[in-house]
Amino acid sequence: MCGIVGYTGTKEAYPIVITGLKRLEYRGYDSTGVALLNNGLKVYKKKGRVSDLEEAIIGMDLHAHTGIGHTRWATHGEPSDVNAHPHTSASGKLAMIHNGIIENYTQLKKELTNKGYVFTSETDTEVLLNFIEDIKENNQCDLEEAVRVALKRVTGAYVILLLDSENPDTIIAARKGSPLVIGVGKGEHFLGSDASPMLEYTKEVVYVNDYELAIVRPDELILKNLGNEKITPFVTRLDMELAAIEKGGYDHFMLKEIFEQPSTIHDCLRGRLDAAAGTITMKGIQDNIQHFINANRIIIVACGTSWHAALLAEYIIEELCRIPVEVEYASEFRYRNPIINKGDIIIAISQSGETADTLVAIERAKENGAIIFGIVNVVGSSIARISNGGAYTHAGPEIGVASTKAFTGQLAVLTMMALKIAKEKGTISDERYTDLLFELEAVPEKVDAILKTAEQLKTIALKYKGAADALYLGRGYNFPIALEGALKLKEISYIHAEGYPAAEMKHGPIALVDENLPVVFIATKDSYHEKIVSNIQEIKARKGKVIAIITEGDDLIPGMADDVFYVPPADEIIAPMLSTIPMQLLSYYMGIARGVDVDKPRNLAKSVTVE
Ligand code: M6R
């Protein structure tokens, strides 16, 4: 939520900042702004996308060697020019950008208003900025000290970057709860919500921790805690190339990421799964294996698509490992005073590793003695760092707002985990274990085969693009895929969609069925197949339009469904990794057919760092 970029060095700052903002636009796209330091502050900002600002300021004086930029996902105040960041302080000497929410901003605003401050925007950011300036002036201190004092009074989450017109080449940054990466170059530094803005300049980065403050100059990076003690920056080497964050010839990141799945799933399995040898090597699991074997309970916390992966993991872990699993929405779990016993294992699943609800949920659980296991895609992210152990999904940067390749990566990791624990615990037969290893190893090839027939889903999408609603139904392992299919359709095409267990449909949703309602059945061959065939009949009897995702060789369902799409045969535990691919493609083609900007659907942001 909100992307922030900063640069200080010898290069022109504006092109670096604006290019960085384009890469971070997935984090929010309500407004864009930049502040440049060159003989005073120059601030340019505008409602809309980065390209709107870029166009609006052609020909202006953009020369500077120090600058910051922001792309906004609105929280306080509607998307508008005036609410866009950067904000400037009452004196005009300071400019600030912010990602996060200042929860006690009304109290601070009241105090400042009583002192005569007048606010031009509705944002919490402008309040914090003037609070900092007020401290600076009253305490006769420098900006760094004023920020430190101010942040001790602030509740909420933030990454802030500040420029001071009296301090020409310096950026002051601070973080709590929102991500901040600093790239270290030769005589220059880069700042970003993630490493994408700095990829072509440096691979050396420092991940700033909560309650740390950075004083960033071209030749100097000083890290301190809020107690003014210096901290040695820990430099990490990035393992990411520029090509990974470019579209690579595809029309949209979402399509590129869907088509990358044979290789991303392969990357996830590589070095871990060796079916011929009968081994799964996962250090994070191995280091904690006794905890898993002895666990009385596993609680999985996640949001959105990651929550759907969690739900499928519940089915798989309970089946294979015989450990009770509870799946929780992170946002509910963190507020509802859950019972957490010492030794409970909490698995947090998150693509970004920055989702605020998930992050705070595991912080609370950790305080209560739970062991935290993170399944995360973004290397070095907050959830990865706070976890006691974990496994990366290795799907590479996911830029499209709709999660696709990260989801199949999560499913691959969770399945490997379950198999490894089951094997060590002795709850799976040798034969079933070996079968499933080979099944898992074959997934990338099967996904590739599905993608070769993607055009069929385009035809189906064109047929149903006018639908107002859609129902997604699946049973057993395919139920979470029905939920995921419905979420994908909603966010990418704006068609209202509901996912249900196929049998539950009779208890209410069936009232929606008429000749206009498309009903997507995930009906691959599994132990529930006959039952789901009956559910299809029930929909057809009420004239609903059935789109069925079925297994190659199924000669029963094509005779009843209006449209079918085939996936290769697979064990029922593995099949969801295949049946989710047509769900992604159907949503993509529906979104395109309806003219939606599928990479940046309205109101959404990729990384939800506010509660
Ligand atoms: O980064 P996370 O996996 O923690 O994000 C969770 C959700 O915000 C995310 O999955 C969201 O639902 C996606 N837009 C789904 O496509």
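By a cavity I mean, on a 1 Å grid over the protein atoms alone, a set of points where a 1.4 Å probe fits but cannot get out, whereas a pocket is an open set with protein on both sides within 12 Å along at least five of seven lines, and lining residues have an atom within 4 Å of a point. Grid points are joined across faces, edges and corners, and a volume is the space filled by probe spheres set on the points.

Before going further, please keep in mind that this is a predicted model, in which local features need pLDDT of at least 70 and side-chain atom pairs count only at pLDDT 80 or more, while totals for chains, interfaces and linings use all residues. Residues are numbered from 1 along each chain as its sequence is written, and side-chain values use heavy atoms, with hydrogens and water left out.

The largest cavity has a volume of about 60 Å³, and the residues that line it include Cys2, Arg72, Trp73, His85, His98 and Asp124. Two elements, β6 (94-102) and α4 (124-138), each supply at least two residues of that lining; helices (H or I, at least four residues) and strands (E, at least two) are DSSP runs, numbered from the N terminus. By class, the lining of the largest cavity has 3 nonpolar, 7 polar and 2 charged residues, where Ala, Val, Leu, Ile, Met, Phe, Trp, Tyr, Cys and Pro count as nonpolar, Asp, Glu, Lys and Arg as charged, and the others, Gly among them, as polar.

The second largest cavity, with a volume of about 30 Å³, has a lining of 9 nonpolar, no polar and no charged residues. Among the residues that line this second largest cavity are Ala467, Tyr472, Leu489, Pro518 and Met590, and the elements that give two or more residues to its lining are β23 (469-474), β25 (518-522) and α20 (575-593).

Let us return to Arg72, one of the residues lining the largest cavity. In which strand does Arg72 lie? Arg72 belongs to strand β4, residues 66-72, and it counts as buried because its relative accessible area is 2%, the cut-offs being under 20% for buried, over 50% for exposed and in between for partly exposed (1.4 Å probe, protein chains only). Although Arg72 and Cys2 are 70 residues apart along the chain, their C-alpha atoms are separated by 4.4 Å. The side chain of Arg72 also has a polar atom 2.9 Å from the backbone oxygen of Gly77, which is a polar contact, that is, a pair of N or O atoms within 3.5 Å; within protein, one must be able to donate a hydrogen and the other to accept it, and residues adjacent in sequence count only if both atoms are side-chain atoms.

What about the rest of β4? Of its 7 residues, 7 are buried, with Thr66, Ile68, His70 and Arg72 pointing one way and Gly67, Gly69 and Thr71 the other way. Strand β1 (residues 3-8) is joined to β4 by 6 bridges and runs antiparallel to it, and here Ile4 stands opposite His70; two strands pair if DSSP finds at least two bridges between them. Strand β2 (residues 31-37) is likewise antiparallel to β4, with 7 bridges, and Val34 has Gly69 as its bridge partner there.

Strand β27 (residues 563-567) has a covered face of Asp563, Phe565 and Val567, and an uncovered one of Val564 and Tyr566.

Now to the ligand. Which of the 14 residues around the ligand come nearest? They are Ser306, Ser350, Ser352, Thr355 and Glu491, where near means that a heavy atom of the residue lies within 4 Å. An oxygen atom of the ligand is 2.4 Å from an N or O atom in the side chain of Thr355, and a ligand nitrogen is 3.3 Å from a polar backbone atom of Val401.

Finally, the largest pocket holds about 860 Å³ of space, and of its 40 lining residues, Met240, Asn377, Val378, Val379 and Pro397 lie nearest its centre. Its lining has 17 nonpolar, 11 polar and 12 charged residues.
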